[in-house]
Amino acid sequence: MGAVAKEIKAMSQEDILALTKAGEVTIATHCLKLTEIKLVREFKHPDGMTDKEMDAAGDGDVLVVLDIRPDESLFEAGVAREVVNRIQKSRKKAGLEPTDMVEVYFESLDEDKSVIQQVLNSQENYIKDAIGSPLLSSDIMPLHAGGA
C-alpha cells in the first residue's frame with residue numbers, strides 16, 4: 001500500500017488527466033479504478049494571502065486565481081465610475097441627449113484636494129471617453145455658466 005500511495009502522490013498533472021479520461025490506472029501491478037481514488041485538487045495560497053484576498057475558479061483543466069486585494073488603481077477607477085455615473089444622471093435629468101455637447105466643471109469639496117486631483121489625472125481618458133468631453137476645473141468656469 002505504501003508504494004502505491006507514494007506513486008499516486010508523485011503523479012503529474014498529465015498522469016491525473018489521463019487517469020480521469022481512462023477511468024483507471026495501473027500502479028505497481030495494481031489496477032486502480034477512478035472510483036477507488038479520491039482526487040483532491042488543492043491550491044496552496046501564495047505566502048501572505050488569505051482566502052478573502054483571492055478568488056479562484058476552475059473547470060478541471062484550468063484554474064484561474066484572482067488577486068482581489070484593493071489597491072490605489074481600483075479605488076481611483078471606482079471614484080471615476082461614480083463621477084461619470086453622477087454626470088450621466090445629471091444629463092438625463094436635464095433632458096439632454098447622449099450626443100448633446102456639454103462642458104462639465106467640477107469643484108472638490110474635500111479638504112485634501114490632491115486626492116480627487118490624482119483620481120482625475122489618472123482616470124482622465126476614461127472620464128473624457130465616457131462623457132464626451134474633458135472634465136474641467138470650476139476655477140475656469142465662465143461667470144454665465146450655471147451649476148447643477
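Alanine 28 is partly exposed, with a relative accessible area of 35%; here buried means under 20% relative accessible area, exposed means over 50%, and partly exposed lies in between (1.4 Å probe, protein chains only). The model is a predicted one, in which local features need pLDDT of at least 70 and side-chain atom pairs count only at pLDDT 80 or more, while totals for chains, interfaces and linings use all residues. Residues are numbered from 1 along each chain as its sequence is written, and side-chain values use heavy atoms, with hydrogens and water left out.

Alanine 28 sits in the loop between strand E1 (24–27) and strand E2 (30–33); helices (H or I, at least four residues) and strands (E, at least two) are DSSP runs, numbered from the N terminus. Most residues other than glycine have a negative phi. In this hairpin, with 2 residues between the strands, alanine 28 takes a positive phi near 50°. Threonine 29 is found in that loop too, and its phi is also positive, near 65°. Threonine 29 is exposed, at a relative accessible area of 75%.

Threonine 26 stands opposite cysteine 31 in E2. E1 has two faces: Val25 and Ile27 form the covered one, whereas Glu24 and Thr26 form the uncovered one. Glutamate 24 also takes part in a salt bridge with lysine 33, the closest N and O atoms being 2.6 Å apart. A salt bridge is a side-chain nitrogen of Lys or Arg within 4 Å of a carboxyl oxygen of Asp or Glu. Both partners are partly exposed, glutamate 24 at 35% and lysine 33 at 38%.

The structure holds 3 salt bridges. Another of them links aspartate 67 to arginine 69, again with closest N and O atoms 2.6 Å apart. In helix H3, glutamate 82 pairs with arginine 86 at 2.7 Å between the closest N and O atoms. These two residues are separated by about one helical turn, because they are 4 residues apart in H3. Glutamate 82 is partly exposed at 38%, while arginine 86 is exposed at 56%.

Attention now turns to the interior. In soluble globular proteins, nonpolar side chains tend to be buried together. The largest nonpolar core has 10 residues, among them Ala80, Val104, Phe106 and Ile127; such a core is a set of buried Ala, Val, Leu, Ile, Met, Phe, Trp, Tyr and Cys residues joined through side-chain atoms within 4.5 Å. Helix H3 (72–93), strand E5 (104–106), helix H4 (113–122) and helix H5 (124–131) each supply at least two of its residues, and H3 gives the most, with 3. A second, separate core of 7 residues includes Val4, Val25, Ile27 and Ile37.

Alanine 80 touches Val119, Gln123, Tyr126 and Ile127, not counting residues up to four places away in sequence; contact means heavy atoms within 4.5 Å. Serine 133 lies in the loop between H5 and strand E6 (135–137) and counts as buried, at 8% relative accessibility. With the same exclusion of residues up to four places away in sequence, serine 133 touches Val102, Val104, Ile127 and Lys128. A polar atom of its side chain lies 3.1 Å from the backbone oxygen of valine 102.

Definitions and conventions
Polar contact = N/O pair within 3.5 Å; in protein donor to acceptor, adjacent residues only side chain to side chain. Pairing = 2+ DSSP bridges.
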